[in-house]
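Please open the model in your viewer and keep the sequence beside it, so that each selection can be followed as you read.

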Amino acid sequence: MNTKIFNLIKKNLEHAFNLPKYKNVVIDENTVVDRLPWTPARYSKFKDAVEHELSLPCEYRGTLKQIVDDLSEGYILRLDR
């Protein structure tokens, strides 16, 4: 797993859910990202921040590990061009 991409997404998820009402939300490699209590604005802000850093689109479905693996593959393929 690409730790740079993992840490970027984890940091942005923690920022998105850094409110007292979300204190029970756990962000780790097994977190199912599309099942988090998103509001449309919060999801858009999170998605835009990560896509700005990586310049890669993503739907953020599945676990954090699955998402990181998919983004890593896209990142490597982009570098191979």
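**Stop one: a pair across the chain**

Begin by selecting Glu59 and Lys47, which form a salt bridge whose closest N and O atoms are 3.8 Å apart; a salt bridge here is a side-chain nitrogen of Lys or Arg within 4 Å of a carboxyl oxygen of Asp or Glu. Glu59 sits in the loop between α2 and α3 while Lys47 belongs to helix α2, so the pair ties together parts that are 12 residues apart in sequence. Helices (H or I, at least four residues) and strands (E, at least two) are DSSP runs, numbered from the N terminus. Is Lys47 buried or exposed? With 18% relative accessibility, Lys47 counts as buried, whereas Glu59 is partly exposed at 48%; buried means under 20% relative accessible area, exposed over 50%, and partly exposed in between (1.4 Å probe, protein chains only).

This is a predicted model, in which local features need pLDDT of at least 70 and side-chain atom pairs count only at pLDDT 80 or more, while totals for chains, interfaces and linings use all residues. Residues are numbered from 1 along each chain as its sequence is written, and side-chain values use heavy atoms, with hydrogens and water left out.

**Stop two: pairs along a helix**

Select Lys10 and Glu14, whose side chains meet in a salt bridge (2.4 Å, N to O). Being four residues apart in helix α1, Lys10 and Glu14 are separated by about one helical turn; Lys10 is partly exposed at 22% relative accessible area, and Glu14 is partly exposed at 38%. Next select Asp69 and Lys65, a salt bridge with its closest N and O atoms 3.0 Å apart, where the two residues are four apart in helix α3 and again separated by about one helical turn.

**Stop three: the nonpolar core**

Now select Ile9, Leu13, Val33, Trp38, Tyr60, Leu64 and Leu71, which touch the most other members among the 22 residues of the largest nonpolar core; such a core is a set of buried Ala, Val, Leu, Ile, Met, Phe, Trp, Tyr and Cys residues joined through side-chain atoms within 4.5 Å. At least two residues of this core come from each of α1 (3-16), α2 (40-54) and α3 (64-79), and the largest share, six residues, comes from α1.

Keep Trp38 selected: leaving aside its neighbours within four places in sequence, Trp38 is in contact (heavy atoms within 4.5 Å) with Leu13, Ala16, Phe17, Val33, Tyr43 and Phe46.

**Last stop: colour by confidence**

Finally, colour the chain by pLDDT, the predictor's confidence in each residue, from 0 to 100. The protein chain has a mean pLDDT of 90, with 96% of its residues at 70 or more.
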